[in-house]
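Subject: Structure handover

Hello,

Here is the structure I promised to pass on. My notes follow below.

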Amino acid sequence: DVLYANDHFVVLHAASAGAKTLHFPQPATAYEVYEKQVYGQNSTTITFPMRRGETKMFSLCGEC
C-alpha cells in the first residue's frame, strides 16, 4: 500500500484488497472526500475495506 499524510490529509492507495486500518496520533474526524462520507468521529483508529487499486483520501479535522 502507498500512504501519503500530513496534518490535514491522509491518502491511501491499496496494493491489495482487504481491511485497512489507520491510526492517528490524536483524535480526529476522518472524512473521505471522494465518497463524501465520515469514517470516524473523534477517533484515533479507523478500519475500512478496500479493493486492490482503490484510493481513499481522508480530510482530518481535530475539532469537528
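The largest pocket holds about 290 Å³ of space. A pocket here is an open set of points on a 1 Å grid over the protein atoms alone, where a 1.4 Å probe fits, with protein on both sides within 12 Å along at least five of seven lines; lining residues have an atom within 4 Å of a point. The volume is the space filled by probe spheres set on the points, which are joined across faces, edges and corners.

This is a predicted model: local features need pLDDT of at least 70, side-chain atom pairs count only at pLDDT 80 or more, and totals for chains, interfaces and linings use all residues. Numbering starts from 1 along each chain as its sequence is written, and side-chain values use heavy atoms, without hydrogens and water.

Sixteen residues line the pocket; Asn6, Asp7, Pro25, Gln26 and Leu60 lie nearest its centre. Strand 1 (2-5), strand 3 (18-32) and strand 5 (55-61) each give two or more residues to this lining. Strands are DSSP runs (E, at least two residues), numbered from the N terminus. Strand 3 has the largest share, seven residues.

Now the backbone. Lys36 is not a glycine, yet has a positive phi of about 55 degrees. Lys36 sits in the loop between strand 3 and strand 4. Its relative accessible area is 65%, so Lys36 is exposed (over 50%, with a 1.4 Å probe and protein chains only; buried is under 20%, partly exposed in between). Asn42, also not a glycine, has a positive phi of about 50 degrees. Asn42 lies in strand 4 and is partly exposed, at 47% relative accessibility.

Best regards

Key. Helix = DSSP H or I, 4+ residues; strand = E, 2+ residues; numbered from the N terminus.
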